[in-house]
Every structure is written in structure tokens, then in C-alpha cells.
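Reader: I'm new to this one and would like a short tour. Can you put it up, and I'll ask as we go?

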Amino acid sequence: MADIKKTNEQEQDKFEQSQVILTPGQLIAKRFFRNKLAILGLGIIIAVVLFCFIGPFFSPYGEYELFYINEKTGQEVSMYDSEGIKQEGVGVNVKAPISKDHWLGTDADGRDVFTRLMYGGRISLEFSLVVTFIELLIGVTIGGIAGYYGGKVDMIIMRIVEIFYCIPFVPFMLVVSSFMVAFGVLPQDKIYYLMIIMGFLNWAGVARMVRGQILSIREMDYMMAAEAAGIKTSRKIFKHLIPNAIPIIIVMATMDLGSFILTESTLSFLGVGLAFPYASLGNMVNAVNKSVIMRNYLNIWLPPGLMILFIVMAFNFIGDGLRDAFDPKMKR
């Protein structure tokens, strides 16, 4: 009997030692990394970031480097030499096919598509990240204030939110683009103004979501205790209320990153985004301005189109994975 009791105690000790207590963050990470689609999305984003930000250092071509046919030799050459001087005998530009020199060929202006895909993806990612950061900064702050104070403050802020929801986005951006052209904004600077304007226009959805979370959280017991302890209002909002709304904020951010990639592509396709000759995924797709290019030059417009597809899909996979990971009802 003593031996059996001792064996049972040893087995119980091993069982207790095997039960590792995980923190909430570790539980979230465990559930996230168990989601295969979320891992796939994360892998795609890492690969795209490396391609766009590290790839240009290994490319033999520049973003704006033009390739033309030399009239004397009939060979493809760069329009400018290594010192930036235009070469003699340069003739008609060439849409070169896929080759060992140009892995995705060249576009209608003689620029290497593979290299421009790197720079275009970089601009689109930067655009999405900056706009998301601005909308979160404004939306979380205003939503937190509305949810905490309620009453007249909440009513005023929600009416402002409704006004922003009513703004026709695409027509408004077309007007803004016209104003920037009229005031002589440089093409390379145009995209940065658009980032700020878009971030300012898109905070309303974040504010409404955060406000709803705060309204429910502020009635909890620990908030009552904080109120009784006389903690400052700013500390209650930014140290107690908003951190508990972080899960929904993170999920919204990942979803918006994908949607803003599409928005930038749409704006650039319409000519409102980054101006030629600077590359973005949207204005690279905009190269399909004739049916003959769509049919015969897939290498010009299909790669940026597929890149947009994969980036948006990856961010959606990550967002779904985070949503499930933050859900306490999910199996552990």
C-alpha cells in the first residue's frame, strides 16, 4: 500500500510540474500561432517587407532607370551612363520581355518592372502604416474621451463622427488632389499629404468602436475602485480603460492595413496618389491603359496586381488570427 501511495504521489507531482501557468499574453500568442492561416499571412508580410525594403540594395537597376534600343547597335542600353550623362544613339524605348536581365521585363517607358515592384510595394506599405497610425491616434483618443465622459460630450463627438461618415471619400480626394496641383505641391511630396488627410478622414470608425468598448468597461468593478481611489481622469482613460480595449484596436489596425493598401492603389490608379515616374502598386497597375497592354504585356500589370492581392489577403489572415486569439472563448 505504501508503495502504491508513493507512486501515486510521484505521478501527481509530475502532473503538477507539467501544468505550466501561462500569462494572458502567452495564451494569446499560443492561440495565434496555432492558426495556420495567420502564420501564412505573417510569413507573406515578412517576405514582402524583406523584398521591398532590402531587395533594392541588391537590384542592379534604379527605380527611374530607363532602357532604350541603341539605334546604332540595336542592343538594349540604359538611357544614361554611370555618370548620369545621356548616351548617344539612344532611340525608341522598349517594353522588354521577361529575361535573365529583367526578371519581369520592362514597362512601356523602359523601366525594370521587378525593381519598380520593390519600390512600389515599399510606398504602399508605408502609406498604409502611416494612415493606420494617424487614424488610431485620433480615433482611440476621441473614442476614449466620448466613452468615458458620456452625456453631452459623447453626443457631440458622435455627431461629429456621423459628419465624417457622410464625407464622399473619392470625390473629396479628387478635389484635394486638384488643390495640391494648383498650389504646386511636388509629385514626390503629394503622397505624404495624402497620408495625413486620409488618416484624418478615417478616424471615425475607430472612435465609434473604442467608444463602445469604453462604455462597457467603465461600469466594471475595478473602474469603480479607481474612481473611489481618486485617480486622475487622464490616467483612468489611458492606463485602465484604453489598455482593456487593446484587443479590438489591434484587430481593427490589421484589417485597416489591408484596406488602406487597396485605397492607395485605387487613388494611384485614378491619378490621385503617387505621381509618375515614382512607383506605387496602384500606378503600376494603372499602366493598363490600353487593351493591347492587358492582353500582350501581362508582365507589366499582373505582378503588382498579385502583390496587392497577397498583401491584403495576408493582413486579413493576421487580423482573423488575432481576433480569434484574443477571444477568451477559444480553446486553449
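Predicted model: local features only at pLDDT ≥ 70, side-chain atom pairs only at ≥ 80, totals over all residues.

Reader: Where is Ser177, and what does Ser177 touch?

Author: Ser177 is in helix α6, residues 169-182. Not counting residues up to four places away in sequence, Ser177 touches Lys190, Gly271 and Val272; contact means heavy atoms within 4.5 Å. Ser177 and Gly271 are 94 residues apart in sequence, yet their C-alpha atoms are 8.8 Å apart.

Reader: Back up a bit. How many helices and strands are there in the chain?

Author: The chain has 14 helices and three strands. These are DSSP runs numbered from the N terminus: helices are H or I with at least four residues, strands are E with at least two.

Reader: And what share of the chain is buried?

Author: Of its 332 residues, 39% count as buried. As for contacts between residues at least 6 apart in sequence, 68% join residues at least 24 apart.

Reader: How do α4 and α14 pack?

Author: Helix α4 (residues 113-149) and helix α14 (residues 298-326) pack at an angle of about 35 degrees, with axes 11 Å apart. The axes are lines fitted to C-alpha atoms over the stretch in contact, and angles run from 0 to 180 degrees between N-to-C directions.

Reader: Which residues make the contact?

Author: From α4, they are Val113, Leu117, Gly121 and Leu125. The α14 side includes Pro303, Pro304, Met307 and Phe315. By class, the contact has nine nonpolar, two polar and no charged residues. Here Ala, Val, Leu, Ile, Met, Phe, Trp, Tyr, Cys and Pro count as nonpolar, Asp, Glu, Lys and Arg as charged, and the others, Gly among them, as polar.

Reader: New topic. How many aromatic pairs does a search of the whole structure find?

Author: Six. Rings of Phe, Tyr and Trp (its six-membered ring) pair if their centres lie within 6.5 Å; planes under 30 degrees apart are stacked, over 60 edge-to-face, and the rest tilted. One of the pairs is Tyr148 with Tyr149, which is edge-to-face, at 5.1 Å centre to centre and 85 degrees between the planes. Separately, Phe164, Phe200 and Trp203 form one aromatic cluster.

Reader: What does Leu241 touch?

Author: Tyr148 comes up again there: Leu241 touches Tyr148, Ile214, Ile217, Arg218, Met223 and Lys236, residues up to four places away in sequence not counted. Leu241 lies in helix α10, residues 233-244, and is buried, with a relative accessible area of 0%.

Reader: And Ile39, where is that?

Author: Ile39 is in helix α3, residues 36-53. Ile39 counts as partly exposed, at 33% relative accessibility. The C-alpha atoms of Ile39 and Ile318 are separated by 7.5 Å, although the two are 279 residues apart along the chain.

Technical notes: Residues numbered from 1 in each chain as written. Heavy atoms only, no water. Buried < 20%, exposed > 50% of the residue type's maximum accessible area, 1.4 Å probe, protein only.
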